[in-house]
Amino acid sequence: MADNPHRKSSDEHSSEGAAGSVVGYLLAGILVWGFLGWLAGEFLGLPTGIGIAVGMMLGAAGAIYLIMKRLSA
């Protein structure tokens with residue numbers, strides 16, 4: 001059998017794998033850091049929602065950084 005000239009190299013990401021990775025990183029970052037923000041807000045006595053909002057923003061920013069780093073965008 002001849003080699004397939006259209007075959008991707010093993011280090012390229014498939015579009016399905018990349019999309020799943022992006023969604024996973026974003027959801028995990030937002031949920032985990034939102035929960036940590038809620039805990040910090042309860043512990044520090046912050047007004048309702050401030051800790052969650054800050055935590056979710058930090059989680060989203062961290063997830064975007066990891067996505068860019070991981071996928072070399």
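**How much of the protein chain do buried residues make up?** Of the 73 residues in the protein chain, buried ones account for 14%. Keep in mind that this is a predicted model. The chain has two helices and zero strands.

**View 1. Helix H1 packs against helix H2.** Here you're looking at H1, residues 15–44, and H2, residues 50–71. Two numbers describe a pair like this: the angle between the axes and the distance between them. For H1 and H2 the angle is about 150°, and the axes sit 7 Å apart. Angles over 145 degrees count as roughly antiparallel, so H1 is roughly antiparallel to H2. The crossing of H1 past H2 is right-handed.

**View 2. A close-up of the contact between H1 and H2.** On the H1 side, look for Ala 18, Val 22, Tyr 25, Leu 26, Gly 29, Ile 30, Trp 33, Gly 34, Gly 37 and Trp 38. H2 brings Gly 51, Ile 52, Gly 55, Met 56, Gly 59, Ala 60, Ala 63, Ile 64, Leu 66, Ile 67, Arg 70 and Leu 71. Sort the residues of this contact by type and you get 15 nonpolar, six polar and one charged.

**View 3. Glu 42 of helix H1, shown with Ile 52.** Is Glu 42 buried or exposed? Its relative accessibility is 55%, so Glu 42 counts as exposed.

**View 4. Gly 62 of helix H2, shown with Leu 26.** Gly 62 has a relative accessibility of 31%, which means it counts as partly exposed. In sequence, Gly 62 and Leu 26 are 36 residues apart; in space, 8.6 Å separates their C-alpha atoms.

**View 5. Leu 66 of helix H2, shown with Tyr 25.** How far apart are Leu 66 and Tyr 25 in space, C-alpha to C-alpha, and what is their spacing in sequence? The answer is 7.7 Å in space and 41 residues in sequence. Leu 66 has a relative accessible area of 41%, so it's partly exposed.

**View 6. Met 68 of helix H2, shown with Val 22.** Met 68 and Val 22 are 46 residues apart in sequence, with 9.4 Å between their C-alpha atoms.

How values were computed
Residues are numbered from 1 along each chain as its sequence is written. This is a predicted model: local features need pLDDT of at least 70, side-chain atom pairs count only at pLDDT 80 or more; totals for chains, interfaces and linings use all residues. Side-chain values use heavy atoms; hydrogens and water are left out. Axes are lines fitted to C-alpha atoms, for helices over the stretch in contact, and angles run from 0 to 180 degrees between N-to-C directions. Helices (H or I, at least four residues) and strands (E, at least two) are DSSP runs, numbered from the N terminus. Angles under 35 degrees count as roughly parallel, over 145 as roughly antiparallel, 65 to 115 as roughly perpendicular and the rest as oblique. A crossing is left-handed if the near helix is turned anticlockwise from the far one by less than a right angle, and right-handed if clockwise. Contact means heavy atoms within 4.5 Å. Ala, Val, Leu, Ile, Met, Phe, Trp, Tyr, Cys and Pro count as nonpolar, Asp, Glu, Lys and Arg as charged, and the others, Gly among them, as polar. Buried means under 20% relative accessible area, exposed over 50%, partly exposed in between (1.4 Å probe, protein chains only).
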